[in-house]
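Visitor: I'm new to this one. Could you show me how to read it, a feature at a time?

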Amino acid sequence: MGKYIMVIDDSPTIRVSVEFALKAVGLPVEQAENGMDALKKIKAMTEKGETIAMGIVDVNMPQMDGITFIKNFRK
């Protein structure tokens with residue numbers, strides 16, 4: 001299946017802006033509003049055979065910050 005770039009940020013404006021810029025050059029994008037949301041979406045995508053090729057991650061977010069997300073994602 002496909003490889004995606006995941007934009008993880010608690011600001012909807014930032015997520016949409018980054019997605020718009022990436023899609024303008026033909027890159028597939030998925031969004032998540034925090035680290036926990038991202039992990040759930042990545043798991044669902046992986047089960048469908050899709051992968052995350054790159055993540056653009058905000059550091060300061062509620063529920064799960066960017067550093068904690070990266071640590072959990074690497075596991």
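This is a predicted model: local features need pLDDT of at least 70, side-chain atom pairs count only at pLDDT 80 or more; totals for chains, interfaces and linings use all residues.

Visitor: Which exposed residues sit on the face of α1 turned away from its buried side?

Guide: That face carries T13, F20 and A24.

Visitor: And which residues of α1 are buried?

Guide: Those are R15, E19 and L22. They cover an arc of only 70 degrees around the axis, so they lie on the same side of α1.

Visitor: What do the buried residues of α1 pack against?

Guide: Three strands: β1, β2 and β3.

Visitor: How do I check the length of a helix like α1?

Guide: Work out an expected span and compare it with the distance between the ends. The expected span is 1.5 Å times one less than the number of residues. For the 13 residues of α1 that gives 18 Å, and the end C-alpha atoms are 18 Å apart, so the two agree. Just after α1, look for G26, which takes a positive phi of about 85 degrees.

Visitor: Let's turn to the strands. Which way does β1 run relative to β3, and how many bridges join them?

Guide: β1 and β3 run parallel, with six bridges between them. To find your place in that pair, look for V7, which stands opposite I56 in β3.

Visitor: How many bridges join β1 to β2?

Guide: Four, and this pair runs parallel as well. Here I5 stands opposite V29 in β2.

Visitor: Why is β1 described as largely enclosed by the rest of the structure?

Guide: Because five of its six residues, in the stretch 3-8, are buried.

Visitor: What sort of unit do β1, α1 and β2 make?

Guide: A β-α-β unit, and a right-handed one. Follow the chain from β1 through α1, which covers residues 12-24, and on into β2.

Visitor: Now a single residue. Where is G66 found?

Guide: G66 is in helix α3, which covers residues 66-74.

Visitor: Is G66 buried or exposed?

Guide: Buried: its relative accessibility is 1%, so G66 falls in that class.

Visitor: Which residues does G66 touch, leaving out those up to four places away in sequence?

Guide: G66 touches V57, D58, V59 and M61. As for V29, which is 37 residues from G66 along the chain, the C-alpha atoms of the two are separated by 18 Å.

Technical notes: Residues are numbered from 1 along each chain as its sequence is written. Side-chain values use heavy atoms; hydrogens and water are left out. Helices (H or I, at least four residues) and strands (E, at least two) are DSSP runs, numbered from the N terminus. Buried means under 20% relative accessible area, exposed over 50%, partly exposed in between (1.4 Å probe, protein chains only). Contact means heavy atoms within 4.5 Å. Two strands pair if DSSP finds at least two bridges between them. A crossover is right-handed if, with the strands pointing away from the viewer, the path from the first strand over the helix to the second runs clockwise. The arc is that of the directions from the helix axis to the C-beta atoms.
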